[in-house]
Amino acid sequence: MSTYFIGDLHGCYDQFRYLLEKVNFNSFKDELWITGDLVGRGPNSYDVLKYVLSLNNVKLVLGNHDLNLILLYYGIQKKSIEKEISELLNNNNLEFIIKKLKKIPLVQYDKKRKLIMSHAGIFPKWNLNEIIKFSTLSEKILSGKNFLKYLSYMNGDFPNFYFYKLNKYNIFRFSINCFTRMRYCYINGELDFSYKDKPPHFNKNILPWFNINNKLDKNYSIFFGHWASLGNTTTPENIFPLDSGCCWNRYLTILRWEDKKIFKKKCNLNI
């Protein structure tokens with residue numbers, strides 16, 4: 001058995017299948033962790049969704065683009081200008097897919113092997129119990145009866161700091177932002193959404209979330225996507241950024257955990 005981690009797929013179905021074949025992935029004995037953003041920007045979002053949701057031994061997390069598709073489906077978000085997403089919204093199987101997406105967690109973890117993954121990263125001011133608590137709370141909301149009310153309140157940059165007096169809607173929004181949108185933080189944990197490029201931030205008081213001391217066991221390895229512009233930015237040795245910009249005509253990347261070997265596929269999408 002091998003364990004594979006792969007970055008944001010963004011509809012890059014052919015490149016995804018190429019890498020799985022290259023590493024001889026076997027969905028009945030190997031394990032595949034995917035950092036989210038299955039859809040958007042790339043040409044084959046439906047094929048990616050259909051294939052991924054059919055796999056055995058896959059550990060998925062929701063990304064911001066996956067959540068955006070859910071918002072579009074329920075009419076909470078304005079119609080997409082992306083041709084592929086517009087076509088996906090008219091797909092006869094989309095209802096089934098959306099029901100599946102709503103049950104996908106925001107965090108995957110393995111306590112025994114000390115592995116943890118979310119789309120954007122791990123909020124440095126939360127310990128493992130808090131990470132599990134707030135990810136589980138959000139997951140229950142998304143798959144629960146009152147999800148539409150929460151979805152209508154999901155988008156927004158504020159509150160950008162967690163404190164215990166936040167109401168339930170603000171806790172939901174903050175958790176979603178941490179797990180699916182976060183890049184930079186102040187030392188005190190306040191989120192900053194003003195800058196999406198690689199470090200350094202133009203404000204020297206703001207750091208990438210992974211350069212702020214976190215409350216996780218130091219033996220945990222953290223996997224995330226979302227931040228394609230990181231490029232070759234140096235990260236702490238237990239931090240593994242996996243979004244290598246497949247939808248920007250760069251690469252799709254897969255990491256085999258047992259020997260830390262990395263495989264890449266160049267993407268030429270002409271989009």
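A nonpolar core is a set of buried Ala, Val, Leu, Ile, Met, Phe, Trp, Tyr and Cys residues joined through side-chain atoms within 4.5 Å, where buried means under 20% relative accessible area, exposed over 50% and partly exposed in between (1.4 Å probe, protein chains only). The close-ups below come from a predicted model, in which local features need pLDDT of at least 70 and side-chain atom pairs count only at pLDDT 80 or more, while totals for chains, interfaces and linings use all residues. Residues are numbered from 1 along each chain as its sequence is written, and side-chain values use heavy atoms, with hydrogens and water left out.

**View 1. The nonpolar cores.** The largest core has 81 residues, and Phe16, Leu32, Leu38, Leu101 and Trp209 touch the most other members. Helix α8 (residues 168-180) gives the most to this core, with 7 residues; helices (H or I, at least four residues) and strands (E, at least two) are DSSP runs, numbered from the N terminus. Which residues does Phe16 contact, leaving aside its neighbours within four places in sequence? They are Ile6, Leu9, Leu32, Ile34, Tyr51, Val52 and Leu252, with contact meaning heavy atoms within 4.5 Å. A second, separate core of 10 residues includes Phe5, Trp33, Leu115 and Trp257.

View 2. Along α1 (residues 13-22), the buried residues are Tyr13, Gln15, Phe16, Leu19 and Leu20. Seen down the helix axis, they fall within an arc of 165 degrees, so they line one face of α1; the arc is that of the directions from the axis to the C-beta atoms. Asp14 and Glu21 are exposed on the face turned away from the buried side. The cover over the buried residues includes β1 (3-6), β2 (31-34), α2 (45-52), β11 (251-256) and β12 (261-266). Just after α1 comes Asn24, with a positive phi of about 60 degrees.

View 3. Five strands form an open sheet in the order β3-β2-β1-β11-β12, with mixed pairing; two strands pair if DSSP finds at least two bridges between them. At the edges are β3 (58-60) and β12, each pairing on one side only. From one strand to the next, the twist averages 20 degrees. Helix α1 packs on this sheet, touching β1, β2, β11 and β12, and its direction makes about 145 degrees with that of β12. Here axes are lines fitted to C-alpha atoms, for helices over the stretch in contact, and angles run from 0 to 180 degrees between N-to-C directions. Strands β1 and β11 are antiparallel, joined over 3 bridges, and Phe5 stands opposite Leu255 in β11.

View 4. With a disulfide taken as a pair of cysteine sulfur atoms within 2.5 Å, the count is 0. For Cys185, the nearest cysteine sulfur is that of Cys178, 7.2 Å away; Cys185 is buried, at a relative accessible area of 0%. Cys267 is buried too, at 0% relative accessibility.

**View 5. Backbone details in the loops.** Most residues other than glycine have a negative phi, and most peptide bonds are trans. His10 has a positive phi of about 45 degrees and lies in the loop between β1 and α1. The peptide bond from Phe158 to Pro159 is cis, with omega near 5 degrees, and Pro159 sits in the loop between α7 (147-151) and α8. Pro199 and Pro200 are also joined by a cis peptide bond, with omega about 5 degrees.
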